[in-house]
Amino acid sequence: MNKLIINADVTRGHIRKTLQGHFAEHLGRCIYGGVYVGENSDIPNVNGIRTDVVEALKAIKAPVIRWPGGCFADEYHWQDGIGPKAERKRMVNTHWGGVTEDNSFGTHEFMELCRQVGCDPYVNGNVGSGTVREMSEWVEYMTFDGVSPMADLRRANGHEAAWRVPYFAVGNENWGCGGNMTAEYYANEYRRYQTYVRRYSPDAPIYKIACGPSDFNYEWTETLMKNAGRYMDGLSVHYYTLCSNDWQHKGHALGFSREDYCVTLKKALRMDELLTRHTAIMDRYDPEKRVGLVVDEWGTWYDVEEGTNPGFLYQQNSMRDAMVAALTLNIFNKHCERVHMANIAQMVNVLQSPILTEGPGLVLTPTYYAFKLFSAHQENELLDSALLAEAGADGLPALQESASLAPDGAIHVTLVNPSPDELREVAIVLRGKEATAAAGEILTGKMDDHNTFDAPDTVADRPFDGVAKAEGGFTAALPPCSLVHLAIR
Ligand code: AHR
């Protein structure tokens, strides 16, 4: 039988809640329709922001939202998105579908979204087409409480108090859509721009994030750490899981084969290699692990749903995506010493979304439920754990796991059985703690099970009855394609 050993008295790092963050870009129907419907909409809203989406995000304790992009960030000029809405500039969203962006969702609306959700804002600044002054003034506008041109402008626009901006990124994908820069050139630009990202209050630090590599580009990390490491708090990295190696034919979100399922999960598991290798480089420049890796874009990326705007990146979401989310979130937990934040791409209606909307309708996807089960790990201490597992199949491990210790003494375990068709049994052996009870939830289904607006409850978590007390711990039986969360007390 598979054996999971948990050393309940050995901790391996702190699991920041921000490992379960979100990303919301002005792309397709993420912001407009997905988050923001305007004050005059029939869809229930508070100050224009959908109440159903806010409630869904609160229920999974969404800790942080990154905005306004993505590629959009390096084309965004924040001054276009403040002041009376009727007077805001209309622009073309050249990256994403060439649609008109009316700027009705800007800085104030984003901060209002974060207020309603109760999460931290993570603002991404513009390096590609913006100036140092523009970035500097945005930070002043948002965070300065005294008398200054930008703070006064904020007040004139109806917001008296400064906001907290705990996370700020200096550009996005500057090796590509953010200006096609070389690593050396961007490192210099980063040093210059970040100088003027001022911390206006000692109580409101700003964690500055430099643009990091795309997936396996280790040279970028090397150069950034060497040339600019001491000026940053975080270095981003983006990794998308495709079902093929061809960006023109990425595979379908639904109706995929068993082989596609296994290939997708194997690719998602490469996140571990990627984090290990970027961490190894960072360790040479920053052995104290002061600088965090910020995986501020990750998730599955398939061909867009037929009949939808190709520039909107809308895709359905199945149990396969929930498995990708669960495997990835377990990997983040295991790397929590170096990984400070991660943001799934994207929060609503784009790529691997936890939430889909259609007019007034809302669907919680299998990925949403994976996040729900993982929320038990937020702000816990990672526990040392190891799987002595039987051989897996199809190139996938038999099981995958992470375990954490909550402040109340409970141990939380998230166990994944990625097999599309085999049940897996596991003996959970606890060392360093006596436990009497284990209970939790399961998320399972066939690999392409999903929720639709007509059938929104096909996939959802339910109480898990496959766990039993045993000598030295517990035993659990995980059906194929399943994620189980257990709270052990
Ligand atoms: O998430 C979609 C896009 O993917 C983002 O805008 C960009 O940063 C990345 O290439």
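Analyst: The largest nonpolar core has 115 residues, and those with the most contacts inside it are Leu113, Phe168, Leu224, Trp298 and Phe332. Helix α8 (residues 319-334) gives the most to this core, with 10 residues. At least three residues come from each of domain 1 (2-8 + 383-488) and domain 2 (17-378), the bounds being taken from an automatic or database domain assignment. The model is predicted: local features need pLDDT of at least 70, side-chain atom pairs count only at pLDDT 80 or more, and totals for chains, interfaces and linings use all residues. Residues are numbered from 1 along each chain as its sequence is written, and side-chain values use heavy atoms, with hydrogens and water left out.

User: What makes a set of residues a nonpolar core?

Analyst: The members are buried Ala, Val, Leu, Ile, Met, Phe, Trp, Tyr and Cys residues joined through side-chain atoms within 4.5 Å. Buried means under 20% relative accessible area, exposed means over 50%, and partly exposed lies in between (1.4 Å probe, protein chains only).

User: Why is the link of Cys71 and Cys177 called a disulfide?

Analyst: Their sulfur atoms are 2.2 Å apart, and a disulfide is a pair of cysteine sulfur atoms within 2.5 Å, so the pair qualifies. The structure holds one disulfide. It joins distant parts of the chain, 106 residues apart: Cys71 is in the loop between β5 (64-67) and β6 (91-93), and Cys177 in the loop between β9 (167-170) and α5 (183-195). Helices (H or I, at least four residues) and strands (E, at least two) are DSSP runs, numbered from the N terminus.

User: Are Cys71 and Cys177 buried or partly exposed?

Analyst: Cys71 counts as buried because its relative accessibility is 10%. Cys177, at 27%, therefore counts as partly exposed.

User: Why is helix α2 described as mostly covered?

Analyst: In α2 (residues 107-117), 10 of the 11 residues are buried. Among them are His108, Glu109, Glu112 and Gln116. Just after α2, Gly118 takes a positive phi of about 80°.

User: What makes a space a pocket rather than a cavity?

Analyst: On a 1 Å grid over the protein atoms alone, a cavity is a set of points where a 1.4 Å probe fits but cannot get out, whereas a pocket is an open set with protein on both sides within 12 Å along at least five of seven lines; lining residues have an atom within 4 Å of a point. Grid points are joined across faces, edges and corners, and a volume is the space filled by probe spheres set on the points.

The largest pocket holds about 440 Å³ of space. Of its 26 lining residues, Asp215, Tyr240, Leu242, Trp247 and Trp301 lie nearest its centre. Strand β11 supplies the largest share of the lining, four residues.

User: How many cavities of 30 Å³ or more are there, and what lines the largest cavity?

Analyst: There are three such cavities, and the largest has a volume of about 40 Å³. Its lining consists of Tyr76, Trp78, Asn126, Gly130, Thr131, Glu134, Met135 and Trp138.
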